[in-house]
Amino acid sequence: MILKKHFVFFTLILLLVVNTTISAQSESENSTDMTSKLIQPPYLKAGDTVAIVAPSGILKNNEDEVQKATSILQSWGLHVVIGKHLYNKADHFAGTDDERCEDLQNAMDDPKISAIWCAKGGYGTVRVLDKLNYSKFKESPKWVIGYSDITALHNQVHNEGFQSLHALMCISLTKDLNEVENALETFKSAIFGNPVNYTLEGSNYNKIGETSGELVGGNLTVLHTMLGSETSLDTSGKVLFIEEIGEYKYHIDRMLQSMKRAGYFDNLNGLVVGNMSKMRKNTTLWGTSIEQLIIDALKEYDFPIAFNMPAGHEKDNRALVLGRTIDLKVNKTESYINFNK
């Protein structure tokens, strides 16, 4: 009789453990399903409105570029509103932190705004991140557009659960628009719902392989400065894009080593390397190319690495939908980036 009672007792305990495990697995799977795909803001259409704001560096004599940006958007059938403080000056910045935040927050909150186009990068976005409120943005999501220092904002938008657009900014518009033709065409295609797939020029440094994952990233320095904060990216299962300008090679290596020690690449699916522009020469030469530096720094990982993505601080700065899942195929002769629908 006693044995029978013990048997019943242990049977009940076993069933409870099994049910709890199944329930936990189910909740985990449901949670993954809910968070695995970022929300895509509505694509633009004729009649929609774009806000131009400056969350970072001061605009010095850039009125012509902003006017050119306005004219281009209007030629596409879009309306334009200019941030109240766009041309303000506060030392290094386009207005005080509060002024820059106010313009950005107003654009984020306004349900009539369909996209927020950052006029310029430089430095300063990180100073307004913790002042932003996403409650109304979540009710009416919109595309956040820019590159360079705007990477900080892309990170935050990503962590809030939304896709954004790494693309040229207003000050990118040169006197001769033919110089930025490719960048402008892919920018337009992306905001109107036709993201462009890319075939990249090959490189002997490419690390061959095929993978897929959400595309994340941006400027390497900004990504590095986000480490340890709420705005740092979880790169697990994702494809990272990086670009840089005006850095010493040893600075690049130092950032990669620091990110590696922080586990940034441990569960990464792939790496896409954009423009590494205007690398500075140290008195003690590094000794290898920037491509070899990256390969050496990440040699213990087996994910594919594709060089020659035309995106970053060059005139040919093609649009990338951050947070969108891509298929990446890397060969020595060519690499392919295909955006999933």
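Lys278 lies in the loop between β9 and α9, where helices (H or I, at least four residues) and strands (E, at least two) are DSSP runs numbered from the N terminus. The model is predicted, so local features need pLDDT of at least 70 and side-chain atom pairs count only at pLDDT 80 or more, while totals for chains, interfaces and linings use all residues. Residues are numbered from 1 along each chain as its sequence is written, and side-chain values use heavy atoms, with hydrogens and water left out.

Most residues other than glycine have a negative phi. Lys278, however, has a positive phi near 50 degrees. Lys278 is exposed, at 67% relative accessibility, whereas Ser148 is buried, with a relative accessible area of 11%. Here buried means under 20% relative accessible area, exposed over 50%, and partly exposed in between (1.4 Å probe, protein chains only).

Helix α9 spans residues 290-297, and its buried residues are Ile290, Leu293, Ile294, Ile295 and Ala297. These buried residues are covered by elements including α8 (249-261), β9 (270-277) and β10 (305-306), contact being heavy atoms within 4.5 Å.

Both β9 and β10 belong to an open, mixed sheet of seven strands in the order β6-β13-β12-β7-β8-β9-β10. Its edge strands, β6 (198-201) and β10, each pair on one side only; two strands pair if DSSP finds at least two bridges between them. Within this sheet order, β7 (residues 209-219) and β12 (residues 325-330) run antiparallel and are joined by six bridges. Glu214 stands opposite Thr325 in β12.
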